[in-house]
Amino acid sequence: MLAGGAGFIGSHLADRLIDEGYRVVAADNLMLGREDNIQHLLSNRNFTFIPLDFSLYEEAHGLFQAYKFDTVFHFAANSDIQASAHDPTRDLKNTFLTSSNLLECMREFQVKEIIFASSSAIYGHKPGVKISEDSGNLWPVSYYGGAKLASEAFIASYCYMNNMKSWIFRFPNVVGGRLTHGVVFDFIKKLRKNPTSLTILGNGKQSKPYLYIDDLIDAIFHIWRNHQEMINCFNIGVDSQTTVTSIADMVCEEMGLQNVQYFYSGEKVGWKGDVPEFQYDLDKIHDTNWKSRYTSDEALRLSIRRILTS
Ligand SMILES: NC(=O)c1ccc[n+]([C@@H]2O[C@H](COP(=O)([O-])OP(=O)(O)OC[C@H]3O[C@@H](n4cnc5c(N)ncnc54)[C@H](O)[C@@H]3O)[C@@H](O)[C@H]2O)c1
């Protein structure tokens, strides 16, 4: 079962699961996801889409009653961190309650595997530190990060109490076709509306690693197949980083726009809750013989092209 299957990452994961011969039941409340993302799968007899809200226990329960699942891929969340800055309940419901409801259904219906889309946001802001899976003092700076960290804790306890296995993946910023939010999505949207100027949140120097969607999906499969501890927790990432101003330059270049005037809102962080820079220690995943194929700049360039041509 794939929760969040109509979203950006969920729909790519659905493609890969179907390609590999799995039967997929994808469910999504379409809060951010789009049916367009999975339109091409709807006629596949191994793929079923069910619109439902996992923050409502009865809806989640009904789904588990109707189907027998081997594995839950939990990719449903409020992925718009900026939006929840003004409304913490958005993350309470969509990022945390989705997790606890899914775990509770797994317990009742004896489903033993969960793959969880966690985030670098659980680490909070750690400037100058290469963040490894063992880094301590986990103080998230967004409600989203808090809800992801709480979900991880619940997953760990459900695994121990119920002999389940989990794969907890802490993603960096992920980019590719079908994006539903984020800096690339925003810049393209703004520049389509006004191709002469662009407002950039922050000072443009925020610098983060951007991972290409194909690399992310490869890493998930690689670890899921080869690691069988009770809790398998990995940072997934890329060694290089890109600044926000470089992303704006790439988007303008790919859209064929020249002399676009940039207006910076000026602060060090784009908005309260944003982590302006971070760097992962990737030794753990690199030691498994997985490494991203694309650099951060290449990932961004590819995804801008994908979005512009779709
Ligand atoms: N994209 C990234 O850079 C990134 C980074 C770190 C972690 N993640 C995590 O990866 C997962 C997928 O993210 P994405 O970028 O594809 O975002 P997305 O918004 O495109 O996908 C999330 C999906 O979950 C669905 N959803 C939200 N609340 C729901 C609910 N209550 N019931 C059912 N469906 C619900 C949304 O409609 C959406 O389709 C999320 O858990 C996100 O937090 C993403």
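The centres of domain 1 and domain 2, taken over C-alpha atoms, are separated by 26 Å. The structure is a predicted model, in which local features need pLDDT of at least 70, side-chain atom pairs count only at pLDDT 80 or more, and totals for chains, interfaces and linings use all residues. Residues are numbered from 1 along each chain as its sequence is written.

**Domains**

- Domain 1 covers 2-174 + 210-235, and domain 2 covers 181-209 + 240-278 + 295-309; these bounds come from an automatic or database domain assignment.
- To the contact, domain 1 gives 19 residues and domain 2 gives 16 residues, where contact means that C-beta atoms, placed from the backbone, lie within 7 Å.
- On the side of domain 1 that touches domain 2, helix H3 (81-84) and strand E11 (210-212) are the elements that give two or more residues. Helices (H or I, at least four residues) and strands (E, at least two) are DSSP runs, numbered from the N terminus.
- E11 gives the most to that side, with three residues.
- That side of domain 1 divides into eleven nonpolar, six polar and two charged residues. Ala, Val, Leu, Ile, Met, Phe, Trp, Tyr, Cys and Pro count as nonpolar, Asp, Glu, Lys and Arg as charged, and the others, Gly among them, as polar.

**Ligand shell**

- Gly4, Gly7, Gly33, Ala77 and Ser79 come nearest among the 28 residues around the ligand; a residue is near if its C-beta atom, placed from the backbone, lies within 6 Å.
- At least two residues of the shell come from each of helix H1 (8-19), helix H4 (89-109), strand E5 (113-119) and strand E8 (173-175).
- H1 supplies the largest share of the shell, three residues.
- By class, the shell has 13 nonpolar, 13 polar and two charged residues.

**Helix packing**

- H4 and helix H5 (residues 143-162) pack at an angle of about 10 degrees with their axes 8 Å apart. Axes are lines fitted to C-alpha atoms, for helices over the stretch in contact, and angles run from 0 to 180 degrees between N-to-C directions.
- H4 and H5 are therefore roughly parallel to each other; angles under 35 degrees count as roughly parallel, over 145 as roughly antiparallel, 65 to 115 as roughly perpendicular and the rest as oblique.
- The axes of helix H8 (residues 244-255) and helix H10 (residues 296-309) come within 10 Å and cross at roughly 40 degrees, and H8 and H10 are therefore oblique to each other.
- Ile247, Met250, Val251, Glu254 and Met255 of H8 make this contact with Leu300, Arg301, Ile304, Arg305 and Leu308 of H10.
- The contact of H8 with H10 comprises seven nonpolar, no polar and three charged residues.

Definitions and conventions. Contact = placed C-beta atoms within 7 Å.
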